[in-house]
Amino acid sequence: MPLMSKPFTVQHAETLSVATLLIGVVIFAVGLLDLLNMRFVEVGTWGYWLLGIGAVMLLIGLIWLASYRLNVRKFNKLMEEKSKANFTRNMDDVEYLAWRLPLKFEERLSAKKKELGIK
């Protein structure tokens, strides 16, 4: 199975999800501080908008990061399998997870298949 390049959002999912989460936290905090009249920066009448946008970005980043980490955990658990029969039985799940994760996971899968003698 030749390895194909991945979309930027898949290849850098962990970094992008953490960045989205952190930006969401900052925007949410600025909006909240503005609404509480603790104005360290003048945002005008944008306080409510910042609060909403920050909450949405925070939620997206959190879900994206949690999804990525769960997929990595599942992949690693499936890759620990020593039995060729059991590994082959779970091949669809492992290949799907490798497809959803960055290229390094497909490379690990290829190495594991080669190690077990699976084509």
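# Exercises on a predicted model

Alanine 19 has its place in helix 2, where helices (H or I, at least four residues) are DSSP runs numbered from the N terminus. This is a predicted model, in which local features need pLDDT of at least 70 and side-chain atom pairs count only at pLDDT 80 or more, while totals for chains, interfaces and linings use all residues. Residues are numbered from 1 along each chain as its sequence is written, and side-chain values use heavy atoms, with hydrogens and water left out.

## Exercise 1

Decide whether alanine 19 is buried, partly exposed or exposed, and state how far it lies from alanine 66 in sequence and in space.

Solution. Begin with the cut-offs: buried means under 20% relative accessible area, exposed over 50%, and partly exposed in between (1.4 Å probe, protein chains only). Alanine 19 has 31% relative accessibility and therefore counts as partly exposed. Next, take the two separations: alanine 19 and alanine 66 are 47 residues apart in sequence, and their C-alpha atoms are 13 Å apart in space.

## Exercise 2

Find how many salt bridges the structure holds, and describe the partners of each.

Solution. Side chains of opposite charge can pair when their charged atoms come close. A salt bridge is counted when a side-chain nitrogen of Lys or Arg is within 4 Å of a carboxyl oxygen of Asp or Glu, and the structure holds 3 of them.

- Lysine 6 and glutamate 106 meet through their side chains at 2.7 Å, N to O. This pair links distant parts of the chain, 100 residues apart, with lysine 6 in the segment before helix 1 and glutamate 106 in helix 6. Lysine 6 is buried because its relative accessibility is 14%, and glutamate 106 is buried because its value is 8%.
- Glutamate 14 and arginine 69 form a salt bridge whose closest N and O atoms are 3.5 Å apart. Glutamate 14 belongs to helix 2 (residues 13–35) and arginine 69 to helix 3, so that distant parts of the chain, 55 residues apart, are linked. Glutamate 14, at 33% relative accessibility, is partly exposed, and so is arginine 69, at 38%.
- Glutamate 95 and lysine 113 form a salt bridge with their closest N and O atoms 2.7 Å apart. Because glutamate 95 lies in helix 5 and lysine 113 in helix 6, the pair ties together parts that are 18 residues apart in sequence. Glutamate 95 is partly exposed at 28%, whereas lysine 113 is buried at 8%.

## Exercise 3

Identify which residues touch the most other members of the largest nonpolar core, and list the contacts of leucine 109 beyond its neighbours within four places in sequence.

Solution. A nonpolar core is a set of buried Ala, Val, Leu, Ile, Met, Phe, Trp, Tyr and Cys residues joined through side-chain atoms within 4.5 Å. The largest such core has 16 residues, of which Phe75, Phe87, Val94 and Leu109 touch the most other members. Helix 3, helix 5 and helix 6 (103–116) each supply at least two residues of this core, and the largest share, 5 residues, comes from helix 3. Now turn to leucine 109: leaving aside its neighbours within four places in sequence, leucine 109 is in contact (heavy atoms within 4.5 Å) with Phe75, Met79, Phe87, Val94, Glu95 and Ala98.
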